[in-house]
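Please go through the following report with the sequence and coordinates at hand.

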2 protein chains.
Amino acid sequence: VESYQELSPSEFFYRNKQLAGFTNPARSLYTAFRELFENSMDACELMGVLPQIIIILREIKRLSGVRGIYKLYIQDNGSGIPERHILNALGKIFYSSKYVIRQSRGTFGLGGTLALLYGQITTGRPIKVVSSIGGRYIYQYIFSIDINKNEPIIHSKKRVLNKLGWRGTIIEFYLEGNYIGASRYIINYLKYTAAISPYAEILYVDPFGTLYYFPRTITMLPPIPKETKPHPHGIDLEMLKILIKSSPPEWTIREFLVNTFHRVGYNTADKFFRFARIYPATRLSELNDDLIKRLYNKFREFGGFRSPSGDVLSPIGEKIFREGIIKEFHPEYVDVVSRPPSSYSGYPFRIEAALAYGGDIPGEPGGITLFRYANKIPLLFDEGSDVSSKVLNNINLSSYKRLSDKPIGLFIHIVSTKVPFKSVGKEAIADIPEIEHEVELAIRFLLRRFTKYSRSVVRRIEARKR
Amino acid sequence: VESYQELSPSEFFYRNKQLAGFTNPARSLYTAFRELFENSMDACELMGVLPQIIIILREIKRLSGVRGIYKLYIQDNGSGIPERHILNALGKIFYSSKYVIRQSRGTFGLGGTLALLYGQITTGRPIKVVSSIGGRYIYQYIFSIDINKNEPIIHSKKRVLNKLGWRGTIIEFYLEGNYIGASRYIINYLKYTAAISPYAEILYVDPFGTLYYFPRTITMLPPIPKETKPHPHGIDLEMLKILIKSSPPEWTIREFLVNTFHRVGYNTADKFFRFARIYPATRLSELNDDLIKRLYNKFREFGGFRSPSGDVLSPIGEKIFREGIIKEFHPEYVDVVSRPPSSYSGYPFRIEAALAYGGDIPGEPGGITLFRYANKIPLLFDEGSDVSSKVLNNINLSSYKRLSDKPIGLFIHIVSTKVPFKSVGKEAIADIPEIEHEVELAIRFLLRRFTKYSRSVVRRIEARKR
Ligand SMILES: Nc1ncnc2c1ncn2[C@@H]1O[C@H](COP(=O)(O)OP(=O)(O)OP(=O)(O)O)[C@@H](O)[C@H]1O
Ligand SMILES: Nc1ncnc2c1ncn2[C@@H]1O[C@H](COP(=O)(O)OP(=O)(O)OP(=O)(O)O)[C@@H](O)[C@H]1O
Ligand SMILES: [Mg+2]
Ligand SMILES: [Mg+2]
């Protein structure tokens with residue numbers, strides 16, 4: 001006889017934490033590190049603040065083999081978390097400020113919480129968080145997570161006067177890990193972050209006591225990402241019903257369209273109603289299910305909606321991208337391209353890409369090393385299932401005659417209000433046709449320009465010989 | 001100022017349904033099909049019943065382009081769902097009978113529910129389910145899903161006398177799809193299922209009215225998978241605390257070990273306590289946090305626990321596997337190997353593999369076409385991120401001199417009480433070292449034998465020439 005059970009979100013991800021990158025102790029240590037780091041970067045950039053992030057990882061106790069218990073300390077100068085949200089933000093799965101339509105690293109509402117939960121289940125120790133939004137007080141909580149209820153359990157709460165007007169967040173917790181296995185991924189993650197975000201100051205002290213310092217080499221920030229309204233092509237019938245229900249019932253559907261959707265003005269709305277043969281002055285309260293279905297189907301068919309605007313996005317920008325790659329890899333040649341905005345399913349996105357040759361680019365001579373990024377996050381795993389990898393493998397590279405005595409680095413960065421990650425572990429991007437197309441255009445553009453450069457180098461060498 | 005929000009599980013997966021395979025209309029139609037089919041296969045096999053599954057897919061309405069509204073009808077002769085669980089099982093995410101430690105296709109508690117939810121958000125139509133566990137009544141519910149609350153909403157409930165003693169489940173619902181895009185995947189899915197489960201009778205009527213009939217060609221079922229206890233190497237500190245809390249406090253830790261864990265008898269327990277220097281007669285009620293931590297660390301270090309038993313698993317079996325491949329692909333040569341049981345992190349698993357040559361095996365002459373299966377589910381997508389693909393790519397195939405005038409099919413089947421899927425879409429398996437090792441041994445074994453067969457064929461041909 002079958003036994004039926006309901007799991008809370010925390011129970012589900014506790015049992016299936018491998019879905020989020022918490023597989024073995026080395027990978028789990030890396031995942032915990034990056035999830036908290038990404039939270040700190042978001043907290044700074046969403047406020048328009050130049051990030052300063054300090055991470056200290058210490059080995060507290062060696063277990064059997066290469067496993068150990070570590071203490072992770074991370075501090076940022078970001079937005080801080082409002083006092084009433086601190087415990088839920090970090091102690092509850094599916095609690096987030098990233099559930100809006102806006103570009104950010106965070107998107108699922110579980111990464112940071114799951115890192116802390118992983119620490120709890122491997123060490124039994126409580127978590128300490130200190131945060132202030134720059135106001136009168138700094139708050140400190142010590143808590144653990146009730147996995148069964150998906151709720152934080154307060155152990156202690158302290159409040160001190162914020163005499164220096166500090167703003168930011170500090171998290172301290174313990175977790176099992178394997179630093180021997182994780183170190184090169186952690187260090188590469190920081191290095192690749194510095195390459196794409198040279199405006200961030202990062203200090204990292206590893207368990208051996210080594211300080212890795214990535215200084216800020218540029219003081220301009222990319223634009224702050226903007227929250228945007230949904231696009232008519234990005235919604236389904238259920239979402240349309242929800243949007244209608246949460247709008248004033250006296251609105252006409254004409255007002256509803258103009259107020260609810262991204263880039264829909266009165267002209268576009270009127271064009272749509274003529275196309276759909278729907279009476280624009282119908283009140284929302286007068287809509288029945290059949291009318292809503294018709295509205296929805298006409299939404300899908302109408303070709304006149306302006307495509308999502310790229311203005312809401314926050315690309316790195318060619319100048320910053322170039323600076324970062326030069327700082328971290330000192331290549332002999334670097335070329336950056338920023339594709340114009342595009343969209344898929346109503347979500348705007350842009351591809352920024354760079355090709356770097358020589359210097360400290362890792363890899364085989366003549367080989368191409370792929371560096372993948374999404375919303376400024378370096379993606380170090382699952383290259384085989386990523387769209388950029390697929391595009392690169394389908395390009396006939398022999399048709400691009402190029403220098404092959406040193407490694408080539410190909411940097412692909414995708415920014416979007418919704419990056420189509422293939423799993424909650426955020427390591428690979430799905431091969432959405434529009435994205436695949438844009439990545440291919442960017443790569444071919446860079447390869448053509450590198451072919452030109454290669455020819456000029458060869459001509460120069462031959463001229464010198466003569 | 002940031003706006004914090006909590007999402008219910010259904011809201012989260014509604015927004016992120018692409019994580020579960022609901023990407024475009026073609027892929028979504030395929031995913032809905034397979035999720036419901038896998039529920040039906042589980043319902044039959046977990047009861048030891050030869051499956052008979054009927055699926056009818058009709059196009060109700062053509063939308064723009066290749067998209068259409070479809071009606072999916074699926075019927076099985078499985079266990080049925082007990083009346084009080086019907087609505088939650090299908091109308092609530094994270095409600096499941098598969099949350100026990102036992103091999104089954106279902107594992108996450110969301111696939112079928114998400115398929116029905118996808119239908120609801122694309123068509124607005126309610127869902128009909130009819131089910132009986134073979135008792136006095138057959139129950140019919142018409143319902144929809146409250147996405148905000150993660151709860152089913154009853155539209156109507158009917159109960160009729162089960163005069164013929166029928167047992168099983170019927171689901172009828174509507175969903176948007178693209179059958180032109182999905183058809184080859186759906187038909188291959190059924191074909192590959194028939195290859196590995198020739199004891200199942202499958203009738204499928206497609207939107208063109210074509211009947212695909214996969215008759216039963218064998219009447220022996222694989223063994224029913226057994227539920228098992230947790231293994232000491234498969235639990236973390238949190239799980240140990242939960243297990244202790246849910247045991248009678250008067251138990252000694254010696255009794256606790258023997259009653260709670262898989263394959264731990266009094267001899268093993270006593271060996272463990274000597275190794276750990278823990279007093280076996282300590283009552284659970286006397287344990288404090290430090291003692292539990294010590295118990296947990298010693299669990300990890302103790303090498304004397306017997307590895308998980310493969311008896312709880314339900315492999316296909318070499319005989320059935322061979323029959324199925326012959327029936328579906330009519331190869332000239334087929335060889336099957338069943339590796340002995342192994343385990344990872346306390347979870348038992350086994351690899352069954354087959355190599356088939358010629359006949360109707362698809363692919364290029366001399367090329368190897370990979371057919372991947374996990375717990376009897378054919379995996380048709382994400383080959384590039386799967387462990388079997390990684391293993392095959394790392395094998396130097398030129399060292400196996402073999403016939404190359406026809407395609408070769410390599411079938412890899414993994415059964416486990418916990419298949420390490422990389423995402424909730426269940427299309428690729430993570431490269432856990434123990435699994436990677438076993439897959440490699442299986443593939444090399446089959447290649448060696450095929451090399452032998454190839455040599456004998458060549459010798460025969462040359463003998464004939466002379
Ligand atoms: N260092 C920080 N500074 C400010 N806010 C933070 C910080 N860390 C976490 N938060 C808040 O906690 C919320 C939850 O974080 P968590 O990492 O669990 O999910 P997320 O970042 O929203 O999504 P994802 O799962 O994609 O990481 C965030 O949305 C943010 O509001
Ligand atoms: N055809 C069926 N016959 C009997 N029980 C069923 C059937 N379909 C669904 N169920 C029940 O409903 C539960 C939920 O199904 P659902 O597909 O949502 O999740 P799951 O199968 O448990 O896990 P997964 O997400 O991996 O598919 C199942 O665990 C099973 O108990
Ligand atoms: Mg986060
Ligand atoms: Mg299921």
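Arg34(B) is found in helix α2 of chain B, where helices (H or I, at least four residues) and strands (E, at least two) are DSSP runs numbered from the N terminus. With a relative accessible area of 1%, Arg34(B) is buried; buried means under 20% relative accessible area, exposed over 50%, and partly exposed in between (1.4 Å probe, protein chains only). The side chains of Arg34(B) and Glu38(B) are joined by a polar contact of 2.8 Å, that is, a pair of N or O atoms within 3.5 Å, of which, within protein, one must be able to donate a hydrogen and the other to accept it, while residues adjacent in sequence count only if both atoms are side-chain atoms.

The model is predicted, so that local features need pLDDT of at least 70 and side-chain atom pairs count only at pLDDT 80 or more, whereas totals for chains, interfaces and linings use all residues. Residues are numbered from 1 along each chain as its sequence is written, chains are lettered from A and ligands numbered from 1 in the order in which they are written, and side-chain values use heavy atoms, with hydrogens and water left out.

Ligand 2 lies between chains A and B, and 25 residues surround ligand 2, the closest being Ser96(B), Ser97(B), Thr107(B), Gly112(B) and Lys426(B); a residue is counted if one of its heavy atoms lies within 4 Å.

Taken alone, ligand 2 exposes 600 Å², of which the protein buries 98%, with accessible areas from the Shrake-Rupley method and a 1.4 Å probe. The elements of chain B that give two or more residues to the shell are α2 (25–45), α3 (86–91), β4 (95–96) and α4 (111–123), and the largest share, four residues, comes from α2(B).

Elsewhere in chain B, Gly165(B) lies in the loop between β7 (151–161) and β8 (167–177) and, at 42% relative accessibility, counts as partly exposed. The C-alpha atoms of Gly165(B) and Tyr279(B), 114 residues apart along the chain, are separated by 56 Å.

In chain A, Phe208(A) is found in the loop between β9 (201–205) and β10 (211–214), and Phe208(A) is exposed, with a relative accessible area of 61%.
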